[in-house]
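Thanks for coming, everyone. Please have a look at the screen.

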Amino acid sequence: MHNYRDHFACFRCRKAFKYWQWEDSDESEWKMRARLEHVPREIVCPDCSRPMIDMGLDFKAPSKDDREAWQILEMLQHYGFAFHGCGCDAGGFVPPQRLREVPAWLEAHRHLSEGESLAKRFAAKANNA
């Protein structure tokens, strides 16, 4: 089992760092849980001292010079998209490549409410009938 570190980003400084956010769990009594527990901590940017954003285990930071890629990732994070996979980079999403693609990407990947999901199913049934 590999011990992955969480990836944190500072969009202001366009920097990313990995931090270990796990501690040994209390094994004095038997419980159905992992040996390590996730312990969130506030991580601050070493340059600007602002809180960094937890972008998940599968986050890959663009180069510092790629301002557009950093803007895209910041927008996606603002709308709740991060790379919280298992750390193996499997099954994650591919972010848009250009800022102009972000609105369409967000619409295509947004989470439907229960009502929207139900309406979508009814519409599909009506179209098949």
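I'll start with the sheet, move to the helices, and end with the salt bridges.

A word on the basis. This is a predicted model: local features need pLDDT of at least 70, side-chain atom pairs count only at pLDDT 80 or more, and totals for chains, interfaces and linings use all residues. Residues are numbered from 1 along each chain as its sequence is written, and side-chain values use heavy atoms, with hydrogens and water left out.

First, the sheet. Three strands form an open sheet, in the order β2-β1-β5, with antiparallel pairing. Strands here are DSSP runs of E, at least two residues; helices are runs of H or I, at least four; both are numbered from the N terminus. Two strands pair if DSSP finds at least two bridges between them. Which strands stand at the edges? They are β2 and β5, each with a single partner strand, so one side of each has no neighbour in the sheet. On average, neighbouring strands are turned by 35° against each other, direction ignored.

Now look at one pairing. Strand β1 (residues 6-10) is joined to β5 by 3 bridges.

Next, the helices. Helix α1 lies across β1, β2 and β5, and runs at about 95° to β5. For that angle, axes are lines fitted to C-alpha atoms, for helices over the stretch in contact (heavy atoms within 4.5 Å). Angles run from 0 to 180 degrees between N-to-C directions.

Is helix α3 largely in the open or buried? Of its 15 residues, the number buried is 0, so α3 lies largely in the open. Buried means under 20% relative accessible area, exposed over 50%, and partly exposed in between, with a 1.4 Å probe and protein chains only.

Last, the salt bridges. There are 2 of them. The term means a side-chain nitrogen of Lys or Arg within 4 Å of a carboxyl oxygen of Asp or Glu.

One joins D47 and K15, at 2.4 Å from N to O. D47 lies in the loop between β4 (36-38) and β5 (53-56), and K15 in strand β2, so the pair ties together parts 32 residues apart in sequence. D47 is partly exposed, at 45%. K15 is partly exposed too, at 24%.

R98 forms a salt bridge with E68, at 2.8 Å between the closest N and O atoms. R98 sits in the loop between α1 (67-78) and α2 (102-109), and E68 in helix α1, so this pair ties together parts 30 residues apart in sequence.
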